[in-house]
Amino acid sequence: MKLSIENRRYSHEITAKNDGKEVSIAGWVHEKRDLGGVFFLIVRDREGFAQVTLHKGEVERELFEQARKVPRESVVAIGGVVKGEEKAPGGYEILPERMEVLSAASHVLPLDTTGKVGAELDTRLDARFMDLRTERTKHIFIIRSRVLNVIREFLGDRGFIEINTPKIVSAATEGGTALFPISYFEREAFLNQSPQLYKQMLMASGFDRVYEIAPIFRAEEHDTTKHLNEATSVDVEVAFVSAEEVMRILEELITFVYSNLALYPDLNSLKLQLEVPKIPFMRITYEKALELLVEAGEQIEWGDDLSTSAEHILGERIGEHYFITEWPCAIKPFYAQPLEGKDTCNAFDLMHPRLELASGSQRIHSYELLKQSIESKGLGTASFEFYLNAFQYGMPPHAGWGLGVERLLMSMLGIDNVREVVLFPRDRRRLTP
Ligand code: ATP
Ligand code: MG
């Protein structure tokens, strides 16, 4: 028979009903089992596993030896005849007639792909290409892809325009220190911290509802399980609405993602039962959060940001997604709208019981107020001129938020380390692969 790689079938496309049919499959040698008279090759492809069964004496000696000698994880193509076999994965086996080793693997593997031997996260990340061959890791990234699709579907259906803003920028979004400088010809530039300034400028364009899904770069030195130096953010900005409206969009998006994902069979391989959170999410003010924390014995004062332990205490107390609203302006960015006559802002954080998922606010849309706010944070207005300009020629009221894709995934999937949900994470120590 001819071996046809282009016309290969995925393992899940073949069933016992194809008994007697000739097929070609291709994939990685997942396992080899030698039972003396009979030899099994388990071939893995993107969709699953196929058992290739070689009976000694029944197949050509050369083919038998080739199968026996091929190193695990080599890429092979196999042509043969399907036979129904209840005990094999997918209920069939393939009795091979031809085999081609397309790429032989080295004998010592950096990782075990069968999941039988566990490995440290660092070892897995060092050999990520191989780690992705394991069922659990593969499914995390299929789910990631689906989550991004579902987010685009949700926002697209609600009239949002997807935008792309520059990642090489001249000024810090919030004037902070957490920036990566880069050399840009004869000038210094930075990797963007967030698309904040640009998505706001687009509110002056008449687009009304925009979103961007893109990398954000944070030069934070800390090495935690929830911070990356390159993360992915879903950023949304909406004109002619209040913060309450964008909070509603956010909570509806979260439940939409959960309910879509709850249907996917891939979750089984993560041994996960997704419970769709109920909306509306609870809203508590920063002041109330502080009260709860003091009650619980936490050392915290007005104007302090919430530490990780504070987030955990509140999360345990509340037990489901919730918003913290009315933050002190001092710990929110300059573009957050102050609440009339108060030192608090119309800003919010969306919290999962375990960690912060998103931050947002009503934005200042008055040119004068925005200028003052920038100055009051000790920032020079000169470097924000390109941004401030957009507020001088008709800027509608607007509000928006930024949601961390990795934070959303780790909270949904019950994963402790944010690095697990990024293909090639960038952290304090990791710049390769
Ligand atoms: P945190 O206080 O948890 O460090 P942040 O308040 O500095 O986060 P924001 O500037 O509010 O972060 O960014 C909006 C969202 O982007 C965050 O709620 C989070 O989901 C995500 N995000 C921000 N920084 C990081 C990071 N370093 N790694 C992963 N996700 C991040
Ligand atoms: Mg935040």
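The lining of the second largest cavity comprises 1 nonpolar, 4 polar and 5 charged residues. Here Ala, Val, Leu, Ile, Met, Phe, Trp, Tyr, Cys and Pro count as nonpolar, Asp, Glu, Lys and Arg as charged, and the others, Gly among them, as polar. The model is predicted: local features need pLDDT of at least 70, side-chain atom pairs count only at pLDDT 80 or more, and totals for chains, interfaces and linings use all residues. Residues are numbered from 1 along each chain as its sequence is written, chains are lettered from A and ligands numbered from 1 in the order in which they are written, and side-chain values use heavy atoms, with hydrogens and water left out.

The structure contains 2 cavities of 30 Å³ or more. A cavity is a set of points, on a 1 Å grid over the protein atoms alone, where a 1.4 Å probe fits but cannot get out; lining residues have an atom within 4 Å of a point. Volume is the space filled by probe spheres set on the points, which are joined across faces, edges and corners. Its lining is formed by Glu-220, His-222, Asp-223, Thr-224, His-227, Leu-228, Asn-229, Arg-419, Asp-427 and Arg-428.

Ligand 1 has 13 residues around it. A residue is near a molecule if one of its heavy atoms lies within 4 Å of it. Arg-218, His-227, Leu-228, Glu-356 and Leu-357 come nearest. The shell divides into 4 nonpolar, 4 polar and 5 charged residues. Strands S15 (355-362) and S16 (398-404) each supply at least two residues of this shell. S15 gives the most, with 4 residues. Strands (E, at least two residues) and helices (H or I, at least four) are DSSP runs, numbered from the N terminus.

Polar contacts are pairs of N or O atoms within 3.5 Å. An oxygen atom of ligand 1 is 2.6 Å from an N or O atom in the side chain of Glu-356. A nitrogen atom of the ligand is 2.9 Å from a polar backbone atom of Leu-228. An oxygen atom of ligand 1 also lies 3.4 Å from a backbone N or O atom of Ala-358. Taken alone, ligand 1 exposes 580 Å², and the protein buries 83% of that. Accessible areas come from the Shrake-Rupley method with a 1.4 Å probe.

The whole structure has 1 disulfide, a pair of cysteine sulfur atoms within 2.5 Å. Cys-329 is joined to Cys-345, with an S to S distance of 2.3 Å. The torsion about the S-S bond is about 115°, so this disulfide is right-handed. The pair links distant parts of the chain, 16 residues apart. Cys-329 sits in the loop between strand S13 (322-328) and strand S14 (344-352), and Cys-345 in strand S14.

Backbone geometry was also examined. Most residues other than glycine have a negative phi, and most peptide bonds are trans. The peptide bond from Ile-279 to Pro-280 is cis, with omega near 0°. Pro-280 lies in the loop between helix H6 (243-261) and strand S12 (282-285). The bond from Thr-432 to Pro-433 is cis, with omega near -10°. Pro-433 falls in the segment after helix H11 (405-413). Asp-208 is not a glycine, yet has a positive phi of about 70°.

Technical notes. On a 1 Å grid over the protein atoms alone, a cavity is a set of points where a 1.4 Å probe fits but cannot get out, and a pocket is an open set with protein on both sides within 12 Å along at least five of seven lines; lining residues have an atom within 4 Å of a point. A polar contact is a pair of N or O atoms within 3.5 Å; within protein, one must be able to donate a hydrogen and the other to accept it, and residues adjacent in sequence count only if both atoms are side-chain atoms.
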